[in-house]
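Here is my note on the model you sent.

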2 protein chains.
Amino acid sequence: MATTGRRERLRAETTAEIKKVALGLMSSGGPDAITLRAIAREMGMTANAIYGYFATRDDLVTTLINDVYTSLADAVDAARDACPTDDPAGRIIAWATAFRDWALTNAEGFRLIYGDPVPGYQAPEGGAAPEAEHRVCAGLTGLAAGAWPQAKALFAEADFQWSDFDPGLAAEVREEFPGLPPAAVAIALRIWGHLHGLVSLEIYGHLRGQTPRPDKIYRAELTQLVRGLGLPA
Amino acid sequence: MATTGRRERLRAETTAEIKKVALGLMSSGGPDAITLRAIAREMGMTANAIYGYFATRDDLVTTLINDVYTSLADAVDAARDACPTDDPAGRIIAWATAFRDWALTNAEGFRLIYGDPVPGYQAPEGGAAPEAEHRVCAGLTGLAAGAWPQAKALFAEADFQWSDFDPGLAAEVREEFPGLPPAAVAIALRIWGHLHGLVSLEIYGHLRGQTPRPDKIYRAELTQLVRGLGLPA
DNA sequence: GTCGAAACTTCACGCCGTATAGTCACTGCA
DNA sequence: TGCAGTGACTATACGGCGTGAAGTTTCGAC
């Protein structure tokens, strides 16, 4: 019993070390630096040994994406939950600020999740990354739900149905926030787009040639965001 | 005279063919498919022959980025200018719609410009791509300038200085739109972020798991955008 | 007609992912 | 205690990649 446990433990440790080394390589050399040979070199193994733990390099990358995406989702959720629910504007700002902060301190991770992760990589259909993505979207919808009492007057004519959204996401939202209309989900997706766009431009260096103060732009964005939802600053 | 011209003409033709083949490979296989060897194969040459035209693969990629980015800037400028200047909302919507349309029909080009273009690629400091980027920003600022008479009341307390922006961009804007305050440039950058974010999420497939109707989200975004600027729909 | 430069090929090196076959230690059972 | 089985790992190999050095061909200029 304990002996089979030993094998499994060693195996889990090696798997963890592979991921740790891969993340280290990524943060120093970008997503492209994740090569089986480099990982193996760092670990004193042959590249082929890694095939015992991950069927292919893309499998490893997929696992890393899952981990990194989960860490992002954890970070923004924690920041949001540190703010009381009766302060919807504060929660939105906390969430969005944590999003940018996480992206700046984990720039390579951001590129891994949202960019072309690695040459030729094709994301698989299911898995934990789509789940983390759902979590992010659902979290944002929660923020929109918190703001909805004040916001709904501003989006009265919005023409959205539940069929305009992924069935799983729609079901999740309708269960957690009964009475919330589909227009609120559209708002959540739009907010996601706004924040993702600004952070993405910054991370990929496209803002560098335009402004030395991307933080100020982002802060202005947040101010207008809560105002656009009819919330007091 | 004409004979030296011949060499140069052949050289220009070959250069153009390399770029054309590279763009073809990109649109069929993504930015990663741009390999010197594949280009050479397609052209019936050896990979090393390309070194006579481009010092390195990154040089070729840089040139392609410039070309593609310029085509994007042309497309959005043309769409905007097809709308009369006395219809600022129409111009904004035309610009933004052209932006998404271009991105969807040139998805690989979008990834080339805004993503990790190619393993290990590092963008050079100067060049035509930053110039095209400036052009996009300046164009957007022009849209903001058109909307400013109605919008300024909504952004009265915005706290931006010209020093918050790149000197070149600031100079360009101040010359072209005298009297326009720096807050308008901030609005332009934020709009860029909004649109870029939504399109980027769509192109990279992150919206796929949330909504089957990204177009509808985008249209709602445009509606709220012009409304948020105080313009009539 | 000859010279020199430009265009291009050949060969080589070290990267990469990965398939196949083989080695070796450790585990579980008799 | 000895022996099979299994899982971890290595060795070797293939094709593809960017790129450097050296050699060859082509062709305009004088």
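1. Start at the interface. In this predicted model, Arg190(A) and Glu221(B) form a salt bridge between their side chains, with an N to O distance of 2.7 Å. The pair belongs to a set of four salt bridges between chain A and chain B.

2. The interface in totals. Contacts link 49 residues of chain A with 48 residues of chain B. The two chains bury about 4,100 Å² between them. Carbon and sulfur atoms account for 54% of that area.

3. Polar contacts. Across the interface of chain A and chain B, 16 residue pairs are in polar contact, counting pairs with both residues at pLDDT 80 or more.

4. Salt bridges overall. Over all chains the structure holds 28 salt bridges. As background, side chains of opposite charge can pair when their charged atoms come close.

5. A pair within one helix. Glu13(A) and Arg9(A) meet through their side chains in a salt bridge, 3.8 Å from N to O. Both sit in helix α1 (residues 2–29) of chain A. They are four residues apart, about one turn of the helix. Buried or partly exposed? Glu13(A) is partly exposed at 45% relative accessibility, and Arg9(A) is partly exposed at 47%.

6. A pair between helices in chain A. The side chains of Arg91(A) and Asp81(A) form a salt bridge at 3.9 Å, N to O. This pair links distant parts of the chain, ten residues apart: Arg91(A) is in helix α4 (residues 88–105) and Asp81(A) in helix α3. Arg91(A) is buried, because its relative accessible area of 14% falls under the 20% cut-off. Asp81(A) is partly exposed at 47%.

7. A pair between helices in chain B. Asp77(B) and Arg135(B) make a side-chain salt bridge of 3.3 Å, N to O. Asp77(B) lies in helix α3 (residues 57–81) of chain B and Arg135(B) in helix α6 (residues 128–151), so the pair ties together parts 58 residues apart in sequence. Asp77(B) is buried at 14% relative accessibility. Arg135(B) is partly exposed at 32%. In chain A, salt bridges with shared partners join Asp74(A), Asp77(A), Arg80(A), Asp81(A), Arg91(A) and Arg135(A) into one network.

8. Cysteines. How many disulfides are there over all chains? The count is zero. Cys83(A) is buried at 16% relative accessibility. Cys83(B) is buried too, with a relative accessible area of 16%.

9. The annotated domain. The unreviewed UniProt entry carries the annotation "domain: HTH tetR-type" for residues 12–72 of chain A. In the model this span is 69% helix and 0% strand. Its end C-alpha atoms lie 23 Å apart.

10. One separation to check. Ala78(A) is in helix α3 (residues 57–81) of chain A and is partly exposed at 48% relative accessibility. The C-alpha atoms of Ala78(A) and Ala184(A) are separated by 22 Å, with the residues 106 apart along the chain.

Note on methods: Residues numbered from 1 in each chain as written. Chains lettered and ligands numbered in written order. Predicted model: local features only at pLDDT ≥ 70, side-chain atom pairs only at ≥ 80, totals over all residues. Heavy atoms only, no water. Disulfide = S-S within 2.5 Å. Buried < 20%, exposed > 50% of the residue type's maximum accessible area, 1.4 Å probe, protein only. Helix = DSSP H or I, 4+ residues; strand = E, 2+ residues; numbered from the N terminus. UniProt positions renumbered as here; feature names shortened; annotations may be inferred. Contact = heavy atoms within 4.5 Å. Buried area = accessible area lost by both parts, 1.4 Å probe. Polar contact = N/O pair within 3.5 Å; in protein donor to acceptor, adjacent residues only side chain to side chain.
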